[in-house]
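Please read it with the model open.

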Amino acid sequence: MNKKKMKKILKVTLLIVLVIFVGIQFIRIDKTTPVVAPDKDFIVTTAAPDNVASILTGACYDCHSFETKYPWYSQIVPVSWWLKDHIDEGREHLNFSTWGDYSAKEADHKLEECIEEVKEKEMPLNSYTWMHSDAKLTTVQRETLVQFLTSLRKMKTSGDSKLHNDHKKYEEDEEHEEHDDD
Ligand code: HEC
């Protein structure tokens, strides 16, 4: 194949890629959220203090609530699809906007998982803090958050052995291998 022909093939290929890229920009993600009662929100229900509330809204709420603030690059396909996936999955696992809908034992289980994820630095996701450097939590912020979440669990479980047992059972149902109860 001569050089001229190669160049032509390359040009046409690039053009096709460009056309596809522009074309898919019209496939928008759904950014609408259902209407939920504001008093079901985690921060409202638990009367979280301001410092805890700002950690949660700054580092968790984009994926774990209906109050997602979409970054500018969420306008770009296919990045938007990837973001949407994370948000949908995040909300499915844990939604602070509908906290009031969780049963006592569900809520306690979520709290336990939040404590674990924050302690182990699994959350917020690295792919998120990479673009949102202000969401990177400091040691003090992690401790503040863990302390508050732990205080909520103590409040719910103290002197209530039934709830405590239910919680154990819930964990078994979920087939957690390791079990680290207090
Ligand atoms: C970029 C989006 C994103 C952010 C920000 C984020 N999460 Fe998540 N979170 C996810 C996704 C996706 C999952 C489900 C998949 C997984 O566990 O990795 C998840 C799962 C979880 C789970 C459930 C784990 C389980 O096993 O069910 C907890 C608890 C959690 N996140 C807590 C938090 C907390 C607390 C914060 C803030 C400190 C946070 N997340 C920030 C996306 C996010």
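1. **Ground rules.** This is a predicted model; local features need pLDDT of at least 70, side-chain atom pairs count only at pLDDT 80 or more, and totals for chains, interfaces and linings use all residues. Residues are numbered from 1 along each chain as its sequence is written.

2. **Overall fold.** The protein has nine helices and zero strands. Helices (H or I, at least four residues) and strands (E, at least two) are DSSP runs, numbered from the N terminus. Of the 182 residues, 19% count as buried. Buried means 20 or more other C-beta atoms within 10 Å of the residue's own, exposed means 12 or fewer, and partly exposed is in between; C-beta atoms are placed from the backbone. Among contacts between residues at least 6 apart in sequence, 77% join residues at least 24 apart. A contact needs C-beta atoms, placed from the backbone, within 7 Å.

3. **Helix α5.** The 15 residues of α5 should span 21 Å at 1.5 Å a residue, and the end C-alpha atoms are 22 Å apart, which agrees. The expected span is 1.5 Å times one less than the number of residues. S80, L83, I87 and G90 are buried in α5. Seen down the axis, these buried residues fall within an arc of 95°, so they line one face of the helix. The arc is that of the directions from the helix axis to the C-beta atoms. The face turned away from the buried side carries the exposed residues D85, D88, E89, E92 and H93. The cover over the buried residues of α5 includes α4.

4. **Core.** The largest nonpolar core has 20 residues, and L56, C60, F96, L145 and L149 touch the most other members. Such a core is a set of buried Ala, Val, Leu, Ile, Met, Phe, Trp, Tyr and Cys residues joined through C-beta atoms within 7 Å. At least two core residues each come from α2 (42-45), α3 (50-59), α4, α5, α6 and α8 (139-157). L145 touches V52, I55 and V118, not counting residues up to four places away in sequence. In α3, the buried residues are I55, L56 and A59.

5. **Loops to check.** A cis peptide bond joins V77 and P78, with omega about 10°. P78 sits in the loop between α4 and α5. The bond from M123 to P124 is also cis, with omega near -10°. P124 lies in the loop between α6 and α7. K121 is in the loop between α6 and α7. Its phi is near 60°, a positive value in a residue other than glycine. A47, in the loop between α2 and α3, has a positive phi near 50°.

Notes. Contact = placed C-beta atoms within 7 Å.
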